[in-house]
Amino acid sequence: MAGYFELVDAPDGGYRVRMMDGTGNLMAISVTFPTKRAAVAGVAMAREIAGTGLIRDKSHDGAGTVIRERVRPVSTPKEEAARRKKAPEARRAAVS
């Protein structure tokens, strides 16, 4: 479920980056960057943070705690159906 980044014009001038999931749904939108080059550098920074950054729970009941559990990405209904379809095959292979 690979997503992608979109470079778009910001309403107040400059550029923003939209992070989209694999089905085209908006996941996040960046701050305004003054140039396209700065926006592309922002994408590089987002990739680094996404790959290595901690999750800090700043919700009202989270008290700033760091979430350390491994979290699997949420599957799309199509991916979930494919996974269920493959599961019986995997079980048969394990039994054989």
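Modeller: What follows is a close look at strand 1 and the strand it pairs with.

The model is predicted: local features need pLDDT of at least 70, side-chain atom pairs count only at pLDDT 80 or more, and totals for chains, interfaces and linings use all residues. Residues are numbered from 1 along each chain as its sequence is written, and side-chain values use heavy atoms, with hydrogens and water left out.

First, the whole. The protein chain holds two helices and five strands. Both terms mean DSSP runs numbered from the N terminus: helices are H or I with at least four residues, strands are E with at least two. Along the sequence the order is β-β-β-α-β-β-α. The chain has 96 residues, and 11% of them are buried. Buried means under 20% relative accessible area, exposed means over 50%, and partly exposed lies in between (1.4 Å probe, protein chains only). The accessible surface comes to about 8,000 Å², with 57% belonging to carbon and sulfur atoms. Such areas come from the Shrake-Rupley method with a 1.4 Å probe, and for residues only the protein chains shown count as cover. Take the contacts with a separation of 6 or more: residues 24 or more positions apart supply 12% of them. A contact here means heavy atoms within 4.5 Å.

Now the part itself. Strand 1 covers residues 4-9 and strand 2 covers residues 15-20. They run antiparallel, joined by six bridges. Strands count as paired if DSSP finds at least two bridges between them. The hairpin has five residues between the two strands, and Gly-13 takes a positive phi near 95°.

Start at Glu-6, which sits in strand 1. Arg-18 is its bridge partner in strand 2. The side chains of these two residues also meet, in a polar contact of 2.8 Å. A polar contact is a pair of N or O atoms within 3.5 Å; within protein, one must be able to donate a hydrogen and the other to accept it, and residues adjacent in sequence count only if both atoms are side-chain atoms. Glu-6 and Arg-18 form a salt bridge too, their closest N and O atoms lying 2.8 Å apart. Because Glu-6 is in strand 1 and Arg-18 in strand 2, the pair ties together parts twelve residues apart in sequence. A salt bridge is a side-chain nitrogen of Lys or Arg within 4 Å of a carboxyl oxygen of Asp or Glu. A search of the whole structure finds one.

How covered are the two partners? Glu-6 is partly exposed at 24% relative accessible area. Arg-18 is partly exposed at 30%. Beyond neighbours within four places in sequence, Glu-6 touches Arg-16, Val-17, Arg-18 and Met-20. Its C-alpha atom is 5.5 Å from that of Val-17, eleven residues along the chain.

Step back to Phe-5, also in strand 1. Its bridge partner in strand 2 is Met-19. Phe-5 is partly exposed, with a relative accessible area of 30%. Phe-5, Met-19 and Met-27 make a nonpolar surface patch of about 270 Å². Patches use residues with over 30% relative accessible area and no salt bridge; like charges are joined within 9 Å, and nonpolar side chains (Val, Leu, Ile, Met, Phe, Trp, Tyr) within 5 Å.

Strand 2 has a further partner. It pairs with strand 3 (residues 26-29), antiparallel, over three bridges. Arg-18 has Ile-29 as its bridge partner there. This second hairpin also has five residues between its strands, and Gly-24 takes a positive phi near 90°.

Finish with Tyr-15, in strand 2. Leaving aside neighbours within four places, its contacts include Leu-7, Val-8 and Asp-9, and also Phe-33, Pro-34 and Ala-39. The C-alpha atoms of Tyr-15 and Val-40 are 9.8 Å apart, with 25 residues separating them along the chain.
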